[in-house]
Amino acid sequence: LSRIGDELYLEPTESGLSLRAVNSSRSGFASFLFAPLFFQLYEPGSAGPETELFRCKVHMKSFLGIFRSLPSLEKSVGKCLILLKPRASRLVLQLHCKHGVTKTHNLAFQECERLQAVFDTRSCASHLCAPARVLAEAVVHFPLTLAEVTLRTGPGGKISLRNYVEDEAEPSKMMVTELWLAEDEFQSVAVVPGSHITFCLKEFRGLLSFAEASNLPLTIHFDEPGRPVIFTLDDTVLEVHLVLATLSDLQSDSQSPSTNGVSHLPAPSDDFADDLESYMVAMETGEGGSERPPSPTFPLRTPRPAESEPEEEEEEGAVPGTPPHKKFRSLFFGSVMTPGRPGLATTQEVLAEDSEGE
Amino acid sequence: MPFSAQPPASGERYALSASLDNARHLSSLLRAVHFQDYATCLATASGLRVTVEDAKCIQANAFIQAEIFQEFSVQEESVMFRISLSVLLDCLTIFGTSSLPGTSTALRMCYQGYGYPLMLFLEEGGVVTVCKINTQEPDELLDFDFCSTKVVNKIILQSEGLREAFAELDMTSEVLQITMSPDKPYFRLSTFGNAGSAHLDYPRDSDLMEAFHCNQTQTNRYKISLLKPSTKALALSCKVSIRTDAQGFLSLQYMIRNEDGQICFVEYYCCPDENITEAEL
């Protein structure tokens with residue numbers, strides 16, 4: 001999560017503890033949901049009819065500092081207790097170590113709005129599933145500094161990975177690396193032939209290391225260029241999602257999302273990045289209205305064209321300001337039109353917002 | 001030869017003369033107190049004491065008893081001089097700092113008296129180095145007046161339990177707060193840094209606790225920057241005794257076993273930063 005953002009969002013839910021992060025340009029979002037079974041004890045607290053379960057965010061570095069040395073932690077720490085104390089404004093992490101020693105860390109936290117990217121793997125046309133090792137071995141061929149990589153479905157069911165080269169770059173001065181993987185390297189392949197997406201490799205590497213370390217297969221859900229790519233890891237006690245914006249093709253720039261009830265996006269201003277911070281969007285993930293659970297399971301299915309469903313949650317907005325020279329569709333957080341709440345104005349700019357200062 | 005490379009015969013009258021087969025017995029201990037450039041050396045019949053001070057708040061002493069040396073003689077009652085500890089350490093480790101088994105640097109140290117330089121003769125593998133380090137007028141040293149009768153709280157811990165804690169102290173905190181009490185939390189180290197506060201609790205029945213004699217609940221704060229250098233002494237030691245007196249002065253005494261199994265001591269004394277009775281959460 002630290003590869004994505006500088007702040008760690010902690011959200012206890014009935015279905016487990018969710019840890020999330022988002023990057024500064026809102027083009028990358030990751031969430032780790034630990035089911036109650038993962039813990040020896042899990043008490044999310046009680047949510048009243050008017051109050052929600054408490055959530056907060058802390059500085060990533062402060063949190064990581066507590067778990068500084070993994071090898072020594074494994075040797076010396078017996079158990080870890082995490083307590084959220086809203087009234088004391090403290091997140092308490094208590095490590096019970098050997099020799100009876102107790103380490104208690106009281107971290108200051110900030111209250112925040114719910115951080116939730118709006119995405120739905122079922123609306124993706126293509127799905128790939130591979131052991132993490134296969135993808136890690138593929139990705140190792142690309143330099144660590146490489147920003148973006150293009151995944152392409154080619155003829156004969158082959159999948160290729162290629163480093164993304166800017167159009168402006170001199171072709172003769174660039175080194176291009178392309179790697180092809182056969183269909184049988186994957187556990188399952190259900191893709192639209194000839195499709196391709198370009199996404200940020202750096203942010204993906206973080207998830208890949210985790211997947212490799214935990215020996216979990218990685219599933220990639222993608223659609224057209226410009227639509228987010230969703231990476232998922234599934235385990236009995238853990239659900240991981242990484243949602244990354246993808247580069248849109250120049251031709252499809254004029255495409256406007258055909259989502260119902262969402263008005264046309266206004267032209268973004270130059271200080272768009274600042275405006276983003278002033279938007280406060282109360283996020284729902286459609287729990288109220290849609291039948292989809294917040295973390296959907298990912299059944300494999302044959303490719304089908306993307307449907308415009310009544311509660312299509314995805315929106316896109318061009319953000320020319322961040323990052324400046326990229327054509328990323330970076331905003332895929334949307335507010336959801338839930339039935340019974342006609343008054344909720346659809347915001348044109350789509351972001352999950354924290355409530356700093358609001 | 002204009003300058004004799006031969007060490008002087010032990011019959012000559014030197015204010016201080018000493019021989020040590022393994023210079024590391026001295027250099028490793030001096031490193032444990034090396035947080036300032038200059039140190040004051042005091043040689044008496046019982047041995048050598050090297051003192052380093054800072055900010056008039058902290059004093060560290062390294063004791064190397066006469067028995068550690070193969071030869072140790074002090075002509076007057078005591079000999080005292082100020083010397084650059086950095087230079088002294090550089091000279092003692094002139095043949096390198098890596099400790100290969102079987103190799104060691106032999107040392108002969110001579111000091112003629114007031115105004116004379118400290119002479120070091122170092123030999124390893126047949127190669128001899130002669131060093132002459134200027135000495136200075138010794139400064140007056142702080143007297144913490146810390147004696148066992150004034151001790152309010154005392155604990156002795158196995159160093160391994162504290163090593164990691166000290167190495168990982170939150171240095172964004174200005175102070176290290178030490179709480180010692182006959183009741184919970186018994187022995188607690190606290191920091192208050194940018195991320196928040198952190199507390200490290202050692203229960204009195206921990207198997208790291210060798211002795212626990214706390215009579216009164218005391219909470220004192222010390223400047224963390226002054227105490228951080230003691231981590232070096234902690235790393236070398238096998239046991240540490242932590243004592244406080246009624247004014248909140250802190251004494252840390254480290255028991256260090258050298259390569260030959262001989263015991264030496266390093267101690268740190270520190271003044272409290274402010275005297276408070278309530279600890280911050």
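Colleague: How does His99(A) count in terms of relative accessibility?

Modeller: His99(A) counts as partly exposed, because its relative accessibility is 23%. The classes are buried (under 20% relative accessible area), exposed (over 50%) and partly exposed (in between), found with a 1.4 Å probe and protein chains only. Please note that this is a predicted model, in which local features need pLDDT of at least 70 and side-chain atom pairs count only at pLDDT 80 or more, while totals for chains, interfaces and linings use all residues. Residues are numbered from 1 along each chain as its sequence is written, chains are lettered from A and ligands numbered from 1 in the order in which they are written, and side-chain values use heavy atoms, with hydrogens and water left out.

Colleague: What is the phi of His99(A), and where is the residue found?

Modeller: His99(A) has a positive phi of about 65°, although it is not a glycine. The residue is found in the loop between β6 (90-97) and β7 (102-108) of chain A. Such elements are DSSP runs numbered from the N terminus: helices (H or I, at least four residues) and strands (E, at least two).

Colleague: Which features of the backbone may I look for in chain B?

Modeller: Consider Ala55(B), a residue other than glycine with a positive phi near 55°. Ala55(B) lies in the loop between β3 (47-54) and β4 (58-65) of chain B. Next, follow the peptide bond from Lys184(B) to Pro185(B): it is cis, with omega near 5°. Pro185(B) is in the loop between β11 (175-180) and β12 (187-192) of chain B.

Colleague: How many residues of helix α3 of chain A are buried?

Modeller: The general idea concerns direction: an α-helix has 3.6 residues a turn, so residues three or four places apart point the same way. In this structure, helix α3 (residues 132-139) of chain A is mostly covered, with 6 of its 8 residues buried. These are Ala132(A), Val134(A), Leu135(A), Ala136(A), Ala138(A) and Val139(A). They pack against the strands β9 (126-131), β11 (159-163), β12 (178-181) and β15 (217-222), and against helix α4 (201-214), of chain A.

Colleague: What does chain A contain as a whole?

Modeller: Chain A has 5 helices and 17 strands. Of its 358 residues, 50% count as buried. Take the contacts (heavy atoms within 4.5 Å): among those in chain A between residues at least 6 apart in sequence, 64% join residues at least 24 apart. The domain assignment, automatic or from a database, gives chain A domain 1 (7-111) and domain 2 (126-226). The C-alpha centres of these two domains lie 32 Å apart.

Colleague: How much area do domain 1 and domain 2 of chain B bury between them?

Modeller: The size of an interface is often given as the accessible area lost when the parts come together. Here the buried area is what two parts lose on being put together (1.4 Å probe), summed over both. In chain B the assignment gives domain 1 (16-136) and domain 2 (151-270), and their C-alpha centres lie 27 Å apart. In this pair, 22 residues of domain 1 of chain B are in contact with 19 residues of domain 2 of chain B. The two domains of chain B bury about 1700 Å² between them, 57% of it on carbon and sulfur atoms. His25(B), Ala32(B) and Ile58(B) supply 30% of the area that domain 1 of chain B buries against domain 2 of chain B, more than any other three residues.
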